[in-house]
Amino acid sequence: MSIESYQFANLGAHEDLLEDLRRLESRMREQLGYEISLIAYTPETKDISKK
């Protein structure tokens, strides 16, 4: 897998999904005892923000 074929997923218009990720990061931090950052990538190279 090459990171060049991925781009950040545009979740800006989906605050509910972002909040789900934040809650999961918090749960993981509590259970594991260290900070976790979840990053949303997409293999799409076209502009997916119009979906």
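Reader: Hi! How far apart are Arg23 and Asp20 in helix α1?
Author: Arg23 and Asp20 sit 3 residues apart in helix α1, so about one helical turn separates them. Helices here are DSSP runs (H or I, at least four residues), strands are E runs of at least two, and both are numbered from the N terminus. This is a predicted model, where local features need pLDDT of at least 70, side-chain atom pairs count only at pLDDT 80 or more, and totals for chains, interfaces and linings use all residues. Residues are numbered from 1 along each chain as its sequence is written, and side-chain values use heavy atoms, leaving out hydrogens and water.

Reader: Nice. In what do the side chains of Arg23 and Asp20 meet?
Author: They meet in a salt bridge, 2.5 Å from N to O. That term means a side-chain nitrogen of Lys or Arg within 4 Å of a carboxyl oxygen of Asp or Glu.

Reader: Why can side chains pair like that?
Author: Side chains of opposite charge can pair when their charged atoms come close.

Reader: How many salt bridges does the structure hold?
Author: The structure holds 5. One of them joins Glu35 and Arg29, at 3.4 Å from N to O. Others share partners, linking Glu15, Glu19, Asp20, Arg22 and Arg23 into one network.

Reader: Is Glu35 buried or exposed?
Author: Glu35 is exposed, at 56% relative accessible area, while Arg29 is partly exposed at 33%. Buried means under 20%, exposed over 50%, and partly exposed in between (1.4 Å probe, protein chains only).

Reader: New topic: where does Ile39 lie?
Author: Ile39 lies in the loop between α1 (15-32) and β2 (41-42), and Ile39 is exposed, with a relative accessible area of 51%.
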